[in-house]
Amino acid sequence: PWASDFFGFAEWVFGIGFTLELLLKIVGQRRHFVFDVWNLLDCLIVAAWIVQTVLQADTGLNPTLLRLFRLVRLLRLLRILRTIVIFDPLYLMVTAIRHSFSLMVWSLLVLLLVQMCL
């Protein structure tokens, strides 16, 4: 019952936080801001949040796609985690999962074929 209120509040908190972060990056990096692809992705995410939340307009994008872009932002943290020694086991696990993804896809295809043939 309280989850929708909590998620609505969390969306506002993170949206405002990301917007402030983006503004600080624009001020700090100035002309170099537009040359980084990650910054352009951040602009897209913040703009979609502003259009969707503040203006209450239909963006025409699938909300799952926007969540995927937000997930990509989190994946950027892996670059930072590599430099911190205490996170070596976490980095090792994430790298192993990422590299085993193709094997999981092929295994799923083989299981589907076996299931369909039986």
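Read along the sequence, the protein follows the pattern α-α-α-α-α-α, and its secondary structure comes to six helices and zero strands. Helices (H or I, at least four residues) and strands (E, at least two) are DSSP runs, numbered from the N terminus. The model is predicted, so that local features need pLDDT of at least 70 and side-chain atom pairs count only at pLDDT 80 or more, whereas totals for chains, interfaces and linings use all residues. Residues are numbered from 1 along each chain as its sequence is written, and side-chain values use heavy atoms, with hydrogens and water left out.

Of the 118 residues of the protein, 17% count as buried. Buried means under 20% relative accessible area, exposed means over 50%, and partly exposed lies in between (1.4 Å probe, protein chains only). The protein exposes about 9700 Å², of which carbon and sulfur atoms supply 76%. Accessible areas come from the Shrake-Rupley method with a 1.4 Å probe, and for residues only the protein chains shown count as cover. Contact means heavy atoms within 4.5 Å. Among contacts between residues at least 6 apart in sequence, 49% join residues at least 24 apart.

One salt bridge is found in a search of the whole structure. The term denotes a side-chain nitrogen of Lys or Arg within 4 Å of a carboxyl oxygen of Asp or Glu. Side chains of opposite charge can pair when their charged atoms come close. Here the side chains of Lys25 and Asp42 meet, at 3.0 Å from N to O. Because Lys25 lies in helix α1 and Asp42 in helix α2, the pair ties together parts that are 17 residues apart in sequence. Lys25 counts as buried, with 14% relative accessibility, and Asp42 is likewise buried, at 1%.

Aromatic rings were examined next. Rings of Phe, Tyr and Trp (its six-membered ring) pair if their centres lie within 6.5 Å; planes under 30 degrees apart count as stacked, over 60 as edge-to-face and the rest as tilted. The whole structure contains four aromatic pairs. In one of them, the ring centres of Trp12 and Trp49 are 5.6 Å apart and the planes stand at 85°, so the pair is edge-to-face. This pair links distant parts of the chain, with Trp12 in helix α1 and Trp49 in helix α2 (residues 37-54), 37 residues apart. Trp12 is partly exposed at 39% relative accessibility, while Trp49 is buried at 6%.

The side chain of Thr19 reaches the backbone oxygen of Gly15 at 2.7 Å. With a relative accessibility of 19%, Thr19 counts as buried. In helix α2, Leu40 is partly exposed at 44% relative accessibility. The C-alpha atoms of Leu40 and Leu22 are 10.0 Å apart in space, and the two residues are 18 apart in sequence.

The loop between α1 and α2 contains Arg30, whose phi is near 50°, a positive value in a residue other than glycine. Most residues other than glycine have a negative phi, and most peptide bonds are trans. Arg30 is exposed, with a relative accessible area of 66%.

A nonpolar patch on the surface is formed by Phe101, Met104, Val105, Trp106, Leu108, Leu109, Leu112 and Met116, which together have about 880 Å² of accessible area. Patches are made of residues with over 30% relative accessible area and no salt bridge; like charges are joined within 9 Å, and nonpolar side chains (Val, Leu, Ile, Met, Phe, Trp, Tyr) within 5 Å. Phe101, one of the patch residues, lies in helix α6 (residues 101-117). Its relative accessible area is 52%, so Phe101 is exposed.

Technical notes. Polar contact = N/O pair within 3.5 Å; in protein donor to acceptor, adjacent residues only side chain to side chain.
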